[in-house]
Amino acid sequence: QVQLVESGGGLVQAGGSLRLSCVASGSILSINAMGWYRQAPGKQRELVTRITSDGSTNYADSVKGRFTISRDNAKKSAYLQMNSLTPEDTAVYYCNANVLLLSGSYRQYWGQGTQVTVSS
């Protein structure tokens, strides 16, 4: 079994910052890409940012220059530094990981989500 556990969400005023963390645990051989997605009320889940095992990143246009993804492969962790937050960033944020299992197969996993609320 593999689990992804997010933390760091909360309530912040517009212009503020939050740092989300995601830690993977379980029968993991390695982790390929890790990413952060978000889902606002009434909207579809969307990709925020993604980082590969070698550190290559991509970002949604709406967060470029404000959000930064990073990872620590030894800790099986990913982080999302969010700066200059706006009310439009309010959503449940989900961690996603493409995991190479001990069985030799790849499988995608999701965290339970962490709420980020930005007040105006």
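This is a predicted model: local features need pLDDT of at least 70, side-chain atom pairs count only at pLDDT 80 or more; totals for chains, interfaces and linings use all residues.
Local features were taken at pLDDT of at least 70 and side-chain atom pairs at pLDDT 80 or more, while totals for chains, interfaces and linings use all residues. Residues are numbered from 1 along each chain as its sequence is written, and side-chain values use heavy atoms, with hydrogens and water left out.

The protein chain contains eleven strands and zero helices. Both kinds of element are DSSP runs, numbered from the N terminus: helices are H or I with at least four residues, strands are E with at least two. From the N terminus on, the order is β-β-β-β-β-β-β-β-β-β-β. The radius of gyration is 14 Å, close to the 14 Å that the globule rule gives for 120 residues, so the protein chain is as compact as a globular protein of that length. This radius is taken over C-alpha atoms, and the rule is 2.2 Å times the number of residues to the power 0.38. Along the principal axes, the C-alpha atoms fill a box of roughly 50 × 25 × 25 Å.

Of the 120 residues in the protein chain, 42% are buried. Buried means under 20% relative accessible area, exposed over 50%, and partly exposed in between (1.4 Å probe, protein chains only). The accessible surface comes to about 6300 Å², and carbon and sulfur atoms account for 47% of it. These areas come from the Shrake-Rupley method with a 1.4 Å probe; for residues, only the protein chains shown count as cover. Contacts (heavy atoms within 4.5 Å) were also examined by sequence separation. Among those between residues at least 6 apart, 55% join residues at least 24 apart.

In soluble globular proteins, nonpolar side chains tend to be buried together. Here the largest nonpolar core has 30 residues. Such a core is a set of buried Ala, Val, Leu, Ile, Met, Phe, Trp, Tyr and Cys residues joined through side-chain atoms within 4.5 Å. Met-34, Trp-36, Phe-67, Leu-80, Met-82, Tyr-93 and Val-99 have the most contacts inside this core. At least two core residues come from each of β1 (2–7), β3 (18–26), β4 (28–39), β5 (46–51), β7 (67–72), β8 (77–82), β9 (91–101) and β11 (114–119). Strand β9 gives the most, with six residues. Beyond its neighbours within four places in sequence, Val-99 is in contact with Val-2, Ile-28, Ser-30, Ile-31, Ser-105, Tyr-106, Arg-107 and Tyr-109.

Strand β7 also holds Ser-70. Ser-70 is partly exposed, at 29% relative accessibility. Gln-39 is 31 residues from Ser-70 in sequence and 21 Å away, C-alpha to C-alpha.

Loop residues were considered next. Asp-54 is found in the loop between β5 and β6 (57–59). Asp-54 is exposed, with a relative accessible area of 63%. Its C-alpha atom is separated by 9.5 Å from that of Asn-73, 19 residues apart along the chain.

Most residues other than glycine have a negative phi. Lys-76, in the loop between β7 and β8, has a positive phi near 50°. At 29% relative accessibility, Lys-76 is partly exposed. Ser-84 lies in the loop between β8 and β9 and has a positive phi of about 50°. Ser-84 is partly exposed, at 41% relative accessibility.
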